[in-house]
Amino acid sequence: MSVQSMTGYGYYEQIFESGKYSAEIRSVNNRFIEIQCHLPRTFSALEQQIRKVLSEKLERGSVKLNVNFEAANGSVCIDYDKNLVGRYMEIFNEISQKFGAAQPKDISLLQPFFRDIIVSKPVEIKTEEFSGELFAVIEKSVELLLIERKREGASIKEFLLKSLDSISQNVGKINVLAPQRIEKYREKLQTAVNLLNKECVDEQRIALEVVLMVEKLDITEETTRLKTHISAAKKMLETENSVGKRLTFWLQEINREINTIGAKANDCAIADIVVSMKDAAEQMREQSLNLL
């Protein structure tokens, strides 16, 4: 199965008859879906439709979409104010007649007034006619983002499986070391008894102390549950797509059992192994936050 990360990037651009479209999309981890859209004013009316498409395809994550559009004939059209030019020419003619000057025919007479008479305005785009082109570019950028998400997800999955295997191997080491603690305790207790007058020592009391220590240090239940949680997490990673939220639960349970084993360790070798397991569990927790 294809586990996905919530981290990814996609960029796509395409030229149509109407102009050049480009879409850049980024996503990072988030508990829910959170979308920010930056669109040209021309297509602002389509924002809700775009949000719907993104939420359906991406499910979770903090998503930022930037769309640019360059019209085929430029983003603005240049024209001139016909009424204003006509009025200027009337004034020039009136001045010419009044003072007997030649009729003005050179357009350069208007040069000082070009800033007034030359006007620009945005190219009018009919949104409904070109929405298909816009969505095609956006969806392609999303496809590229999903490819990146799957690639990142595969890398995280591999890391998590290796970490789970490592913890499982450490559980095996602990199961080998655990019985030795009781024997060490028995020997320690016997050494202390040998220093005392044996006639004052109740052998049944010694046996009872050993039994109580066995019960206190027993971690069979914890290691069994830990193996079960590891198996459940591995199965989920190998058979499901959206694992982020459920994996968080299993990692919490794994960490809980590791902490309990550490509290009952009473052995330097086991304590060292527990520290390694806790470190692996914390790294897994951090990586799992990126999974969909």
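Predicted model: local features only at pLDDT ≥ 70, side-chain atom pairs only at ≥ 80, totals over all residues.
Taken as a whole, the protein comes out with 8 helices and 6 strands. Burial covers 36% of the 292 residues. As for contacts between residues at least 6 apart in sequence, 80% of them link residues at least 24 apart.

Next come the helices α6, α7 and α8. Helix α6 spans residues 220-239, α7 takes in residues 244-264 and α8 residues 268-288. The α6 and α7 pair packs at an angle of about 160°, and the two axes sit 9 Å apart. With angles over 145 degrees counting as roughly antiparallel, α6 and α7 therefore fall into that class. Their crossing is left-handed. On the α6 side, the residues that meet α7 are Glu222, Thr223, Arg225, Leu226, His229, Ile230, Ala232, Ala233, Met236 and Leu237. Facing them from α7 are Arg246, Leu247, Trp250, Glu253, Ile254, Glu257, Ile258, Thr260, Ile261 and Lys264. Sorted by class, this contact is made up of 11 nonpolar, 3 polar and 6 charged residues.

One of the α6 residues in that contact, Glu222, gets a closer look here. Glutamate 222 counts as buried because its relative accessibility is 6%, and the cut-off for burial is under 20%. With lysine 264, the link is a polar contact of 3.1 Å between the two side chains.

On to α7 and α8. Here the packing angle is about 165° and the axes are 10 Å apart, so α7 and α8 are roughly antiparallel too. The crossing of α7 and α8 is again left-handed. From α7, the contact draws on Gly244, Leu247, Thr248, Leu251, Asn255, Ile258, Asn259, Ile261 and Gly262. From α8 it draws on Val274, Met277, Lys278, Ala281, Met284, Arg285 and Ser288. By class, these residues split into 8 nonpolar, 6 polar and 2 charged.

Technical notes:
Residues numbered from 1 in each chain as written. Heavy atoms only, no water. Helix = DSSP H or I, 4+ residues; strand = E, 2+ residues; numbered from the N terminus. Buried < 20%, exposed > 50% of the residue type's maximum accessible area, 1.4 Å probe, protein only. Polar contact = N/O pair within 3.5 Å; in protein donor to acceptor, adjacent residues only side chain to side chain. Axes fitted to C-alpha atoms, helices over the stretch in contact; angles between N-to-C directions. Parallel < 35°, antiparallel > 145°, perpendicular 65-115°, else oblique. Left-handed = near helix turned anticlockwise from the far one by under 90°. Contact = heavy atoms within 4.5 Å. Nonpolar A, V, L, I, M, F, W, Y, C, P; charged D, E, K, R; others polar.
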